[in-house]
Structures are given as structure tokens and as C-alpha cells.
Amino acid sequence: MAIYPLVFALILVPHIAFAICSGASPVWNAADCTQQEISACITVAQSGDTINVPQGNATWESAITIPVNKTIKLLGAGSDKTIINSKTSFVYLYSNNSRVSGFRFNRVSGGDSSAFLEARGIGFRVDHNYM
């Protein structure tokens, strides 16, 4: 009888999707460039941390948010390597002195007219991106 729970677990485990953000403060490494993965890294990061996002191509359904209480460096692998597609805004940058660098942000056909990046803090840095 003990075999049934094991078989049940083996069937379900591969179908569970979750984000894996590796590393520790002050440097975190996203497993991919999906919205869920980057948001997971932002959640575990502390103010002053860096999140490295690998090359890849992803489509986001909504923007990621860097909250007001966290100063974070969000670094893609390069504007020709980390490519994000979306119909809406890409990043809400609400904190002071945060940085977003090394991404290509592409507006998907049928997208709205919202800004690529909305910044409300001061001293933020947005560089080496293609929009």
C-alpha cells in the first residue's frame, strides 16, 4: 500500500511549475527571463541586491514591479540576448536608485499604448536597453 502515494507523487511532481531563483544576497540569478522567475527573484532580494537575468526570449502578460522599499539592480545578459515581449508595460520602477539594464523590450502586436517603463523614484538608472 505504501507504493500508491509514491506513484501518485511521481506523477504530479513533474507537472508542478514554480520559479527557481538561485543565489543569495547580494547576488541572485534568475533561471530564465520569464515574468514569474524575475518576480520571484525580486521577492527574495533585499535592498541593494543584484538580479542577473540570463539570455532568452519570453512573453510577459503584465509588468514586473520593483517596489519602493527595495533598491535593486536588474541586469539582463544584453539587449540582443535578453528579449522580453509584452502587450503592456514592462517594468514599474517605484524605488529610488534602482537600475534596469541589458534588455530588449518589444511591444507585441495589438498592445496598448502604455509606457515601456514607468519610473516613480529618483536617482534610478535605465541603460543599455533597446525599446
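A polar contact is a pair of N or O atoms within 3.5 Å; within protein, one atom must be able to donate a hydrogen and the other to accept it. The views below show a predicted model.

**View 1. Polar contacts of the Asn85 side chain.** The side chain of Asn85 forms a polar contact with the side chain of Asn106 at 3.2 Å. A polar contact also links the side chains of Asn85 and Asn57, here at 2.8 Å.

View 2. Strand E7 covers residues 82-86 and includes Asn85. Asn85 counts as buried because its relative accessibility is 14%, and buried means under 20%. With neighbours within four places in sequence left aside, the residues in contact with Asn85 are Asn57, Ala58, Thr59, Trp60, Phe90, Asn106 and Val108.

**View 3. The cis peptide bond between Ser25 and Pro26.** The peptide bond that joins Ser25 to Pro26 is cis, with omega at about 15 degrees. Pro26 belongs to the loop that runs between strand E1 (21-24) and strand E2 (27-30).

**View 4. The positive phi of Asn97.** Asn97 is a residue other than glycine, and its phi has a positive value, near 65 degrees. The loop between strand E8 (91-93) and strand E9 (99-101) contains Asn97.

**View 5. His128 after strand E12.** His128 is located in the segment that follows strand E12 (125-127). Phi of His128, a residue other than glycine, is positive, with a value near 55 degrees. His128 is classed as exposed because its relative accessible area is 58%, and exposed means over 50%.

Terms used. Residues numbered from 1 in each chain as written. Predicted model: local features only at pLDDT ≥ 70, side-chain atom pairs only at ≥ 80, totals over all residues. Heavy atoms only, no water. Helix = DSSP H or I, 4+ residues; strand = E, 2+ residues; numbered from the N terminus. Buried < 20%, exposed > 50% of the residue type's maximum accessible area, 1.4 Å probe, protein only. Contact = heavy atoms within 4.5 Å.
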